[in-house]
Amino acid sequence: MIRFFTLLISCCLLLPSVQAQDLLSKIKQSGRIVIGVKADYPPWGMLDSNNQPAGFEPDLAQMIGHALNAEVEFKTVTSANRFQKLNEGQVDMLIATVGDSMQRRQRVRMITPHYFRSGVTALTHKSNTVEKWTDLIGKPVCLTAGAYFNKSLVQNYRIKPIILMSNRDSKLALLTNKCQAWAYDSGILFHLSNQKEWNDYSVDVETIMPIHWSMVTRKDTASQSLANWLSRFIASRIRDGRLKSLAQQWQLPEQDYLAQQHKNWNSVDENGDAVCQADSDKVSKKKLCFDTVISLGQQGDKQFWPFDQFDTERLIQSMLHTALFTVISILTAIALALGFTQMTMSSKNWVAKPIAFLTHLQSSIPPILMLYLIYFGALSFWNEHGQHWLLSGASVAWLVLALYTASGINNLVTADVTSRLSLTQRYLHHSAGVKANLVNLAKAAGMASVIASPNAVLVVNTLVSSSGYPVLLMTLLALFYYLEVLLFAYLVGKLFTRYSDYLKRQTSPDINNKGALQ
């Protein structure tokens, strides 16, 4: 009997939690729905003069809120973080320019029918005379992280990808000549090219890889009811023409697609029944009603390693770039430090004193501040005025870090100017401090890879947004940097030990010979 009552009480306690898991019921009861929208995608999603979401998709979200008799709370998302925010429960659903694909359906639930269609094109400066995609082979092309077509463009057109985290960054990179084109959604690039401030840019390449846009919910049981309701809702808005009218209001491209959808969803069969139905238990499989879902790559059984060959190669390449940058920076710092020390120890004051002053000045300025002032300040100003800088981001980061480390080492080993120790003896005497400076350089090189090799970090962020394995990727990245620093610390220590042993062997014969002569 006690067990019976215990079971009964448990069921009663569990019942409300089960009911609360129904997202649609929860929204209706609370009178509130949280929808993720874009703020960098005019006229689909942007911020108005009051810093509030506006555009085609926010208006569509308000239509959903009105139909549910619920207040809409907007949260801005980006292409890189929208799925993460959805699956973490920060938003109930997305209306955020999400293209429907078989790969994305493995992570989230795509709502059909679709509400828009677009493709991929490229915005370039008119002076570049880019007329077809093959003109961009081997050229630097800006890509926005998280876009569905990035991988296909790199694989099929062999572009040199410059991956950036937002549309704002992509625009700035294109304006400052860091890339020759910006490959992105056809709708937003056509809209941008028609604006006055972009008169010097044009869209001349063909639109490729068309994809249809979906509203999105989580792929869990609790969200199924909301997904079914959204499917019926968007079908009704297509059928009654309100979706088409909203697109006309915002002067969107591709309005012929919505007009055709309106016609299709109002078609009837010989019995007078609607050809297209959105009910979950009798969804029409006809192409007339539902668009074909594209596949962005090969699909197969899940394996131990979750990334395909292309992503794996990019991940390894980014790590190798970071390691190579660290090696070059360390070797340059050692060479510069030896040169600075030689000049500081010079008997000629007109050489020694200026070098000592400059190295003290250089080591007093934090390298991150110096990188910011040069790369984002002087370099961007120079590019904005139509000038071309010979040094790349990698060159700037390399010189700044090497000079800073070399200056610190020189100040350390020449602190005692009265000492009669030779250059080699000074470095061996201060070996612990020299090694510490070089190890710190290895740490800083990993941080500076954001500038030196932007793809080295952004490729990981792209994989996070597209693969669904953020914990694994962040763990791999942290492990890589940890092992890299340990490796360079070990190699620097070995270098000093070997050199010290070499000097001892060289001086031993002289000591023995002197003893024999005596």
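This is a predicted model: local features need pLDDT of at least 70, side-chain atom pairs count only at pLDDT 80 or more; totals for chains, interfaces and linings use all residues.
Trainee: Disulfides first. How many does a search of the whole structure find?

Mentor: One. Cys-142 and Cys-179 form the disulfide, with their sulfur atoms 1.9 Å apart.

Trainee: Left-handed or right-handed?

Mentor: Left-handed, because the torsion about the S-S bond of Cys-142 and Cys-179 is about -90 degrees.

Trainee: And which parts does the pair tie together?

Mentor: Cys-142 is in strand β8, residues 140-144. Cys-179 is in the loop between α7 (167-175) and β10 (181-185). The pair therefore ties together parts 37 residues apart in sequence.

Trainee: Is Cys-142 buried or exposed?

Mentor: Buried. Cys-142 has 0% relative accessibility. Cys-179 has 4%, so Cys-179 counts as buried too, the cut-off being under 20%.

Trainee: New topic. How many cavities of 30 Å³ or more does a search of the whole structure find?

Mentor: One. The volume of the largest cavity is about 100 Å³.

Trainee: What lines the largest cavity?

Mentor: The lining has 16 residues. Nearest the centre lie Tyr-41, Arg-82, Thr-97, Tyr-148 and Phe-149.

Trainee: How does the lining split by class?

Mentor: Eight residues are nonpolar, four are polar and four are charged.

Trainee: Which strand gives the most to the lining?

Mentor: β5 does, with three residues. β5 (93-99), β10 and β12 (208-217) each supply at least two.

Trainee: Where does the cavity lie relative to domain 1 and domain 2?

Mentor: Between them, because both domains give residues to the lining. Domain 1 covers 23-116 + 214-266, and domain 2 covers 117-211.

Trainee: On to helix α3. What span should α3 have, and what does the model give?

Mentor: α3 has 13 residues, 56-68. At 1.5 Å a residue, α3 should span 18 Å. The end C-alpha atoms are 19 Å apart, which agrees.

Trainee: Which residues in α3 are buried?

Mentor: Phe-56, Glu-57, Pro-58, Leu-60, Ala-61, Met-63, Ile-64, Gly-65 and Leu-68.

Trainee: I see some spacing there. Which residues of an α-helix point the same way?

Mentor: Those three or four places apart, because an α-helix has 3.6 residues a turn.

Trainee: What happens just after α3?

Mentor: Asn-69 takes a positive phi of about 55 degrees.

Trainee: Which other residues have a positive phi without being glycine?

Mentor: Thr-129 is one of them, with phi near 45 degrees. Gln-251 has a positive phi of about 55 degrees and is not a glycine either.

Trainee: Where is Thr-129, and is Thr-129 buried or exposed?

Mentor: Thr-129 sits in the loop between β7 and β8. Thr-129 is exposed, with a relative accessible area of 55%.

Trainee: And where is Gln-251?

Mentor: In the loop between α10 (242-249) and α11 (255-264). Gln-251 is exposed, at 68% relative accessible area.

Trainee: Last topic, cis peptides. What joins Pro-42 and Pro-43?

Mentor: A cis peptide bond, with omega about 0 degrees. Pro-43 is in the loop between β1 (32-38) and β2 (46-47).

Trainee: What about the peptide bond from Thr-112 to Pro-113?

Mentor: That bond is cis, with omega near 5 degrees. Pro-113 is in the loop between β6 (109-110) and β7 (116-125).

Terms used:
Residues are numbered from 1 along each chain as its sequence is written. Side-chain values use heavy atoms; hydrogens and water are left out. A disulfide is a pair of cysteine sulfur atoms within 2.5 Å. Helices (H or I, at least four residues) and strands (E, at least two) are DSSP runs, numbered from the N terminus. Buried means under 20% relative accessible area, exposed over 50%, partly exposed in between (1.4 Å probe, protein chains only). On a 1 Å grid over the protein atoms alone, a cavity is a set of points where a 1.4 Å probe fits but cannot get out, and a pocket is an open set with protein on both sides within 12 Å along at least five of seven lines; lining residues have an atom within 4 Å of a point. Grid points are joined across faces, edges and corners, and a volume is the space filled by probe spheres set on the points. Ala, Val, Leu, Ile, Met, Phe, Trp, Tyr, Cys and Pro count as nonpolar, Asp, Glu, Lys and Arg as charged, and the others, Gly among them, as polar. Domain bounds come from an automatic or database domain assignment. The expected span of a helix is 1.5 Å times one less than its number of residues.
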